[in-house]
Structure formats: C-alpha cells, structure tokens
Amino acid sequence: VNVLVSRALAYDVSDAGLMYYYIANRIVELPIGLFSASIAVVIFPALATAFAARDVPALARNYGRGMRLVLAINVGAACGLIALAVPIVQLLFNYGNFGSGDCVNTSRLLVIFALAMPFYSMISIVTRALNVAGQTRATLIAAIHALVVNATGSVVAVWMGQGVEGLAWANAVSTLWQYFVLRHYLKKHAPEFLTESLLKPALQVIGGSALLAIVAFQGYAFLHNILGGHVNEKINLVVSMGLAGGAGMAVYAVFLDKLGYPERDLLRGYANKVLRLFGLQLRA
C-alpha cells in the first residue's frame, strides 16, 4: 500500500518521476526478494517449533541467526548499490530515450531506497517473530503506523516541491519507523526473542560494508577510466563493475571471517562451493 501511495503521488509530480521511482524500487527489491524473503521463510518454522516447545535458548538463537544473516547480506548489498548506483542504472537502462540525466535521477532514488533496504529485510524477521508469538495485532498496528508516516511525509514532500526524491525519503522513513514499532512490540510482548545482542555483529557488518563500498567505488572508477576508449561502454561497465564489485565482496567476506562473525560457517560453506570449481578449499 505504501508503494502504491508513493507511485500515485509520483505520477502527479511527473511521468518521468514515476519511471525513476519504479525502476529504483525494483532494483532494490531484487536482493530483498532473493535473500531476505528466503531467510524469513526458512527461519519461520524454526521459530515456531522453539516457541511451541518453550525452548527460549533455541528461540533467541534462531531469531538472532536470522537477523544476523539479513544484516550481513542486506547491509553489504545496500552499500554496494550505493557505491555503484550510477553505473548499475547506466548498464541496465541507458538505452534509447533514457539518457544520462535519467540515469543520474534514477540513481539518486536508488541510493535512498538502498539506505532503507536493511530495515525492509529486518521487518520480515521481526514480523514473523511476532506472528509466532501470536501478536498479529501488533504487526497490523505497525503497518498502519508506516502507512500514516509515508502518506503524511509524501504529501508534505509534494507540497514543498521535493519531487520524487521527497517521496522516496518519506517511504524510507516510514520503513525505519515500522521496524522500530515492530521491535517495540516484540520487546514488550515476547522479549525472549531478543536475549542475544546484535550490537557487535551489526558493527562488524557496518565496518565491512564501508570497506566493500570503498573498494567497489574506487575500483570501478579506476578500471572504468583505464578501459574507457578501448572497449565498448557497456562491456566497460560490465567488466569494471564485475571486477570491482567482486573485489569488494571478497574484502567484505574476509573482513567478517577474520572478525569471527557468528555466521561465518555459512559464509565459508558458500565460498567453498565456488572454490571447489577451481580445486581449492578453505581450511576450517
């Protein structure tokens, strides 16, 4: 409903603004749909089983694991999207009448949506925890909160002439608000979910994601400049982003591994699946 409200107002602002909003929103929804939704679906039966058995340690452990996984994936993905927002849009949509100016306008919205992306992902985990605890009314209240905040912020943004960027900020703020309202109700009605602290993992993820963004941005700028004029621009974008983004992800993975991130066992498992193709394996 929030997205529909924002798109309706974006249409009133400008046809081009509606297109920018739609494209940026779709790009952000890709990692959310691929990873966050999958994690939430998998973690739900584990939470339900632990809650039914009144196994508080298992409940906290599974909830914490789900939250740490979405943090590790989505904060890193958000920083990657922010660092490479312009070339990503250029590669995917800079064709025909969609010019460089359109790419810049869309990338600005992409950055705003990416900032809220980790909270979108955490909402999916907190919502399922509340559902397991039988607090479906709390999830409805939080959704209404988000709708009111988004609608109010969007109307104010249009009134102040902030355009589609103002609508994107309103949507992002409503997402943050919804998460904190959900967490408030979880802490109030089912605090046993929150007995494992997420502060240290969150700081590790933020630090690693900052490194990812720096490596990806600087690496892309360096490679794109070197390849410019020697290869087709689309090939340049693919190669530059692929190498720089891959290097950023590798730095991020090594950073979390060296700091002892709790889910590094899964990280090593995924890395070994890739390395197995080259006859290599990470040592335990």
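View 1. With a relative accessibility of 61%, R54 counts as exposed (exposed means over 50% relative accessible area, buried under 20%, and partly exposed in between, with a 1.4 Å probe and protein chains only). This is a predicted model, in which local features need pLDDT of at least 70 and side-chain atom pairs count only at pLDDT 80 or more, while totals for chains, interfaces and linings use all residues. Residues are numbered from 1 along each chain as its sequence is written, and side-chain values use heavy atoms, with hydrogens and water left out. R54 sits in the loop that links α2 to α3 (helices are DSSP runs of H or I with at least four residues, strands are runs of E with at least two, and both are numbered from the N terminus). Have a look at the backbone here: R54 is not a glycine, yet its phi is positive, at about 55 degrees. Most residues other than glycine have a negative phi.

**View 2. The whole chain, for orientation.** The protein chain has ten helices and zero strands. Read from the N terminus, its elements run α-α-α-α-α-α-α-α-α-α. The C-alpha trace spans about 65 × 60 × 25 Å along its principal axes. Of the 284 residues, 44% are buried. Among contacts with a separation of 6 or more, 77% are between residues 24 or more positions apart (contact means heavy atoms within 4.5 Å). The chain exposes about 14,500 Å², and carbon and sulfur atoms supply 68% of that area (accessible areas come from the Shrake-Rupley method with a 1.4 Å probe; for residues, only the protein chains shown count as cover).

View 3. R26 and E29 join their side chains in a salt bridge, with 2.6 Å from N to O (a salt bridge is a side-chain nitrogen of Lys or Arg within 4 Å of a carboxyl oxygen of Asp or Glu). Side chains of opposite charge can pair when their charged atoms come close. The two residues are three apart in helix α2 (residues 15-52), so about one helical turn separates them. R26 is partly exposed at 36% relative accessibility, and E29 is also partly exposed, at 33%. The structure holds five salt bridges.

**View 4. Charged partners around helix α3.** A salt bridge links E263 to R65, with the closest N and O atoms 2.9 Å apart. E263 belongs to the loop between α9 and α10 (264-275) and R65 to helix α3 (residues 56-83), so this pair ties together parts that are 198 residues apart in sequence. Which of the two is buried? E263 is, at 4% relative accessibility, whereas R65 counts as partly exposed at 25%. E196 pairs with R68 in another salt bridge, and their closest N and O atoms are 3.1 Å apart. Because E196 lies in the loop between α7 (163-189) and α8, and R68 in helix α3, the pair connects parts 128 residues apart in sequence. E196 is partly exposed at 30%, while R68 is buried at 8%. Salt bridges with shared partners join R65, R68, E196 and E263 into one network.

View 5. N232 is in the loop between α8 (199-227) and α9 (233-258), and is partly exposed at 46% relative accessibility. A polar atom of the N232 side chain lies 2.8 Å from the backbone nitrogen of K234.

**View 6. A nonpolar patch that includes V238.** V231, I235, V238, V239 and L243 make a nonpolar surface patch of about 400 Å² (patch residues have over 30% relative accessible area and no salt bridge; like charges are joined within 9 Å, and nonpolar side chains, namely Val, Leu, Ile, Met, Phe, Trp and Tyr, within 5 Å). V238 is part of helix α9 and is partly exposed, with a relative accessible area of 47%.

**View 7. Q178, a buried residue of helix α7.** Q178 is placed in helix α7 and counts as buried at 17% relative accessibility. What does Q178 contact, leaving aside neighbours within four places in sequence? Its partners are I123, A142, A143 and A146.

Terms used. A polar contact is a pair of N or O atoms within 3.5 Å; within protein, one must be able to donate a hydrogen and the other to accept it, and residues adjacent in sequence count only if both atoms are side-chain atoms.
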